[in-house]
Amino acid sequence: MILPISALVLSAVLTIVMLRTRYLRLGGAFTAACLGYFLAASGAAPAINTFFTSITAGIASLTHSFG
């Protein structure tokens with residue numbers, strides 16, 4: 001699926017504005033969901049997935065060292 005970069009940028013800007021103005025209600029939640037959907041369909045998805053996988057692995061190794 002090819003996604004225009006403008007939809008990704010527009011949803012990112014709207015989400016950032018709503019977070020900065022503390023106006024993240026139903027419309028903001030929909031915008032954030034669209035941002036997640038567009039990011040998953042973009043070329044940045046593998047890098048984002050790798051980033052969050054490494055963070056969860058780091059947290060898991062911290063919990064094993066304490067327990």
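Predicted model: local features only at pLDDT ≥ 70, side-chain atom pairs only at ≥ 80, totals over all residues.
Visitor: How many residues of the chain count as buried?
Guide: The chain has 67 residues, and 13% of them count as buried. The cut-off for buried is under 20% relative accessible area.

Visitor: What helices and strands does the chain have?
Guide: There are 3 helices and 0 strands. Along the sequence, the pattern reads α-α-α.

Visitor: Where is Ser42 found?
Guide: Ser42 sits in the loop between helix H2 (26-40) and helix H3 (45-66).

Visitor: What does the side chain of Ser42 reach?
Guide: The side chain of Ser42 reaches the backbone oxygen of Leu39 at 2.8 Å. A polar contact needs a pair of N or O atoms within 3.5 Å. The distance of 2.8 Å is within that limit.

Visitor: How far apart are Ser42 and Leu8?
Guide: In sequence, Ser42 and Leu8 are 34 residues apart. In space, they are 8.3 Å apart, C-alpha to C-alpha.

Visitor: How many aromatic pairs are there?
Guide: The count comes to 2 aromatic pairs. In one of them, the rings of Phe51 and Phe52 have their centres 5.2 Å apart.

Visitor: What makes Phe51 and Phe52 a pair, and why is it called stacked, tilted or edge-to-face?
Guide: Ring centres must lie within 6.5 Å, and these are 5.2 Å apart, so the rings pair. Planes over 60 degrees apart count as edge-to-face. The planes here stand at 70°, so the pair is edge-to-face.

Visitor: Why is Phe51 called partly exposed?
Guide: Phe51 has a relative accessible area of 46%. That value lies between the 20% and 50% cut-offs, so Phe51 is partly exposed.

Visitor: Which residues make the nonpolar surface patch?
Guide: Phe51, Phe52, Ile55 and Ile59 make a patch of about 390 Å². Patch residues need over 30% relative accessible area. Phe51 has 46%, and Phe52 has 48%.

Note on methods: Residues numbered from 1 in each chain as written. Heavy atoms only, no water. Helix = DSSP H or I, 4+ residues; strand = E, 2+ residues; numbered from the N terminus. Buried < 20%, exposed > 50% of the residue type's maximum accessible area, 1.4 Å probe, protein only. Phe/Tyr/Trp six-rings, centres within 6.5 Å; stacked < 30°, edge-to-face > 60°. Polar contact = N/O pair within 3.5 Å; in protein donor to acceptor, adjacent residues only side chain to side chain. Patch = residues over 30% accessible without salt bridge, like charges linked within 9 Å, V, L, I, M, F, W, Y side chains within 5 Å. Areas by Shrake-Rupley, 256 points an atom, 1.4 Å probe, with all protein chains shown as cover. Salt bridge = Lys/Arg side-chain N within 4 Å of Asp/Glu carboxyl O.
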